[in-house]
Amino acid sequence: MNTKPCQRRDWLQCQVGGCVLALLLTLLWGRAAAGGFPAFRYHEIGKCGDKMGQTSLVDVDRDGDLDWVVGCRGGEVWWFEFRAPGDWARHKIGDEAETDVGGTAFDVDGDGWVDQASGGVWYRNPGEPRTKEFTRYANGAIPTHDNVATDIDGDGKLDLVAMSDKAGLFWYRIPADPTKPWEVHKIGSGVHGGVAPHGVGDLDGDGDNDIVRSNAWFENRDGKGTTWVEHKAFGFGSAKGPYPFTTKAWVLDLDGDGDRDVVMAEADCEKSRVAWFENADGRGGVWKQHLIAQTDQDLHSLAVADLDGDGDPDLFSGGGPLTKTVHKWFIWENADGKGGLWKEYVVLEGKRCHEAVAADVDGDGDVDICSKPWNGNLHVFLENLAKTPGAAGKP
């Protein structure tokens, strides 16, 4: 199941096969460092599955590093144990996920172990995840394209947000006994995708979490998640294609002025844009669009993180299933720290990207990237070399 690409010390001995390929990939995809941006080293996590989503980077086994969680539409769910950048062990979480691509890993039952919620079911971590499968429970939630774990009602506990173009936009309060049906609350209408991966935050400055859904945002009017007001705001997302107005969304203070802005990448279309929307009045009443990039890719991923270690948020996305050209993985550097100047880097080519996640996987202090395809089975780890002595800026 697992592969172990050649390490740097072995490259001079590599003549054929995977080692030569690994060298070529590193030379190509380290090129971003020539412009002063950190290089990324390519590793293969493993090969399994197809039509996969439900991605998270979390510490499943509580060993202090992050692991890769992923699952098939309506099928198996796995976690890949991180042991080294080129050494991952695959473990099964469970079967029959009641979801499309929606799924997220968090501590559902409050026992200190990370569980997995996948649309209409959740899987309890047994506390010995390397040797035992998780226990599967139905939760009554919708099968979904988007799942986000967040606190909607302000009680300090995580709830589950779910959206589907077939059912709508909902949130679910998790009961004291999470094996019982979860309490459902309707928020509003849905589109195919737009809430994930992080389309939740306080957009109007009243202290509670609101929700972004593609071309609109939903105001949590009473702060308890029982009264919602829809605001048509963004006008983003392509109207063409099989899944119109699908985006990936992220809520954060991008320009450092103290209020929450929104970043979006268009998805499920052949030519996607990336933009951020400035919360001009600080209350979600006036939004100013700033275009970051226009691509020839289907950007079915969005990760916002400080990828170069300079203290401000950068953006990542990559070519997804509807891409018709060579698949590319992009980083847009927030060059002025305020969202006014962006520099584009291609950090990988020729590999499909879908539902990517960024976090410090290996614990070295910089942010790495994990992803996989929708059509295909190759799971990829891009190791950020910013904190690697002698590696940044060199192939």
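Biologist: What is the mean pLDDT of the protein?
Modeller: Residues are numbered from 1 along each chain as its sequence is written, and side-chain values use heavy atoms, with hydrogens and water left out. In this predicted model local features need pLDDT of at least 70 and side-chain atom pairs count only at pLDDT 80 or more, while totals for chains, interfaces and linings use all residues. pLDDT is the predictor's confidence in each residue, from 0 to 100. In the protein 89% of residues reach 70 or more, and the mean is 91.

Biologist: What share of the 395 residues counts as buried?
Modeller: Buried means under 20% relative accessible area, exposed over 50%, and partly exposed in between, with a 1.4 Å probe and protein chains only. For the 395 residues of the protein, the buried share is 58%.

Biologist: Which residues does Leu382 contact, leaving aside its neighbours within four places in sequence?
Modeller: Leu382 is among the residues with the most contacts inside the largest nonpolar core. Its partners beyond those neighbours are Phe40, Arg41, Tyr42, Trp329, Val347, Leu348, Asp368 and Ile369.

Biologist: Which residues lie nearest the centre of the largest pocket?
Modeller: On a 1 Å grid over the protein atoms alone, a cavity is a set of points where a 1.4 Å probe fits but cannot get out, and a pocket is an open set with protein on both sides within 12 Å along at least five of seven lines; lining residues have an atom within 4 Å of a point. Grid points are joined across faces, edges and corners, and a volume is the space filled by probe spheres set on the points. The largest pocket holds about 580 Å³ of space. Of its 32 lining residues, those nearest the centre are Thr55, Ser56, Thr104, Pro197 and Val357.

Biologist: How many residues of each class are in the lining of the largest pocket?
Modeller: Ala, Val, Leu, Ile, Met, Phe, Trp, Tyr, Cys and Pro count as nonpolar, Asp, Glu, Lys and Arg as charged, and the others, Gly among them, as polar. By these classes the lining has 18 nonpolar, eleven polar and three charged residues.

Biologist: Which residue does a cis peptide bond join to Ala196?
Modeller: The bond has an omega of about 0°.

Biologist: What is the volume of the second largest pocket?
Modeller: This pocket is lined by 15 residues, of which Arg73, His192, Tyr243, Asp268 and Trp374 lie nearest its centre. The lining divides into six nonpolar, five polar and four charged residues. The volume is about 250 Å³.

Biologist: Is Gly194 buried or exposed?
Modeller: Gly194 is found in the loop between strand 13 (183–188) and strand 14. Leaving aside neighbours within four places in sequence, Gly194 is in contact with residues including Asp146, Met163 and Thr247. Its relative accessibility is 0%, so Gly194 counts as buried.

Biologist: What is the phi of Phe245?
Modeller: Phe245 sits in the loop between strand 18 (228–232) and strand 19. Phe245 is partly exposed, with a relative accessible area of 30%. Its phi is positive in a residue other than glycine, near 60°.

Notes:
A nonpolar core is a set of buried Ala, Val, Leu, Ile, Met, Phe, Trp, Tyr and Cys residues joined through side-chain atoms within 4.5 Å. Contact means heavy atoms within 4.5 Å. Helices (H or I, at least four residues) and strands (E, at least two) are DSSP runs, numbered from the N terminus.
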